[in-house]
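Here is a quick tour of the salt bridges in this model. Have the sequence and the structure open as you read.

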Amino acid sequence: MADIYRLFIGLIAVLCAASLVAGILTWRSSKPASSTLVNLNARIRAWWVMVAAISLAFVFGRSGVIILFMLVSFAALREYVTLTHTRRSDHWVLIGMFLIVIPLQYYLVWTNWYGLYSIFIPVYCFLAMPALAALWGDTSRFLERISEQQWGLMLSVYCISHVPALVTLEIPGNEGRGLLLIAFLIATVQGSDVLQYIFGKLFGRNRISPNVSPSKTWEGLIGGIATASLLGSSLFWLTPFSPLEAGVLAGIACIMGFLGGLVASAIKRDRGVKDWGHMIEGHGGMLDRTDSLIFAAPVFFHIVRYAWT
Amino acid sequence: MQSLAGACLAGLARAITGVIPIWLGTKPSRNQRIYFANHASHGDFILLASCLEPEERARTRAVAGADYWRSNRIRRVMAEDLLRTVLVERNGVERTQDPLDIMLKALDDGQSLIFFPEGTRNMSEEPLLRFRSGLYNLAVARPGVELVPCWIENMSRVLPKGMFLPVPLLCRVIFGAPIAVEPGEDRTLFLHRARQALLDLKPTNNGAGR
């Protein structure tokens with residue numbers, strides 16, 4: 001697993017560089033520092049913590065990654081449900097989502113039961129949750145409540161669980177390197193978020209959808225996705241792909257990631273909040289940090305599963 | 001044992017609700033205080049206490065209804081031994097001890113109180129019920145104690161009345177600026193102002209809390 005060390009040494013080097021640049025900017029700026037700079041420093045500090053958490057999970061291998069993403073799902077679903085319209089009669093369905101659906105979905109991923117974990121939430125939970133709500137007898141805002149519950153599970157549990165599921169793919173010639181595939185996906189998608197942020201801050205002019213998100217610009221999107229694809233291509237040695245394939249896959253994942261961020265912004269705008277939560281300083285909540293991964297993971301998973309296994 | 005139970009409960013409350021205190025109108029301090037808050041769930045005072053610093057939490061006790069918490073043995077052990085609540089009898093006809101005396105005794109022992117001026121859990125659609133007079137009586141009797149309004153957000157969704165398992169949802173406790181009885185202010189006026197001070201802390205975003 002020498003490759004994994006190379007990746008993490010690279011990551012630490014990038015973070016050190018980022019901390020250094022931000023430190024110099026803060027030192028040279030007028031006091032007090034601008035809010036952008038304060039936020040940048042908070043974001044970089046949070047990245048140190050997130051990289052540490054992921055490294056720790058990788059030390060424990062497949063189980064570590066599954067437990068990490070189970071916790072991510074828990075935090076994401078909690079943020080999501082907080083913003084939905086729950087009623088007292090939803091209480092047991094909601095508890096079931098947290099105490100049964102999350103552990104079961106990740107258990108199924110752990111046992112590599114693809115036939116069930118790929119349909120457990122979209123089929124069985126989809127049918128069971130409205131049935132339970134109907135049995136309970138509260139019809140007020142029925143369609144709204146059950147749709148929001150189903151959406152929450154799909155986003156926060158189903159889609160996120162496809163990240164650790166990558167480790168279970170049996171790609172010929174790639175045995176024992178499933179964790180590296182996860183590292184590849186996270187590095188490119190999160191890298192794309194950072195690069196879109198940087199390009200948007202430096203060159204952003206034309207907004208893509210001012211109603212949804214004032215900070216997403218065409219300049220940020222194109223610059224971010226182009227450079228993130230190059231980043232993906234340069235990380236091909238982590239994967240079973242050729243440099244070109246890695247670049248294309250990274251590009252697709254980053255475009256999905258952008259769409260995920262856009263959808264998350266639309267939900268937040270609808271609910272009148274700026275961030276999903278306050279868990280990760282400078283970034284907002286867990287969903288603010290994982291919205292791109294949510295959209296990218298299932299698509300990336302299925303392309304790789306279809307074309308490489 | 002009690003401080004351990006307190007620390008465990010506070011940790012549990014944080015793990016489930018990710019609660020953060022928002023010190024909007026005041027800061028944590030060593031002043032003796034009465035934290036008065038909206039009330040819709042048994043989790044309310046645990047959530048509020050978990051937002052206080054450990055030393056302040058250790059000397060802060062919640063005021064609760066004796067008729068409810070003494071009605072069976074499990075509740076009695078929880079309220080008296082585990083949670084160290086100040087139990088007062090709410091029913092004016094049958095009571096043997098004046099609630100005000102019990103609360104004043106706790107204050108005179110140097111303790112801070114968590115107090116729910118609505119007198120009961122709010123099960124209505126209204127955000128806040130009418131305040132009972134207890135808050136005014138306390139404020140007049142001990143003018144040196146700070147009255148801090150605290151808006152508890154979402155706890156009624158985490159643990160609604162009659163449920164014993166909580167749903168994990170994000171909660172916040174918003175602490176406002178302390179208020180006091182002004183010279184010449186009568187009971188009705190003060191209670192109205194106190195209620196308004198608490199309502200003013202309620203966030204107005206249209207998403208959470210329905």
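## What counts as buried

A residue is called buried when its relative accessible area is under 20%, and partly exposed if it falls between that and 50%. R145(A), at 3% relative accessibility, is therefore buried.

Keep in mind that this is a predicted model. Searching the whole structure turns up 21 salt bridges over all chains, and a few of them are picked out below.

R145(A) pairs up with D138(A) through a salt bridge, with an N to O distance of 3.9 Å. D138(A) has a relative accessible area of 16%, so D138(A) is buried as well, the cut-off being 20%.

Over in chain B, R33(B) and E146(B) make a salt bridge, their closest N and O atoms sitting 2.8 Å apart. This pair links distant parts of the chain, 113 residues apart: R33(B) is in strand β2 (residues 33–37), and E146(B) is in strand β6 (residues 146–153). R33(B) is buried, at 2% relative accessibility.

Strand β6 of chain B also holds E153(B), which forms a salt bridge with R172(B), the closest N and O atoms being 2.9 Å apart. R172(B) lies in strand β7 (residues 172–175), so the bridge ties together parts 19 residues apart in sequence. How exposed or buried are the two partners? R172(B) is partly exposed at 24% relative accessible area, whereas E153(B) counts as buried at 12%.

Terms used: Residues are numbered from 1 along each chain as its sequence is written. Chains are lettered from A and ligands numbered from 1 in the order in which they are written. This is a predicted model: local features need pLDDT of at least 70, side-chain atom pairs count only at pLDDT 80 or more; totals for chains, interfaces and linings use all residues. Side-chain values use heavy atoms; hydrogens and water are left out. A salt bridge is a side-chain nitrogen of Lys or Arg within 4 Å of a carboxyl oxygen of Asp or Glu. Buried means under 20% relative accessible area, exposed over 50%, partly exposed in between (1.4 Å probe, protein chains only). Helices (H or I, at least four residues) and strands (E, at least two) are DSSP runs, numbered from the N terminus.
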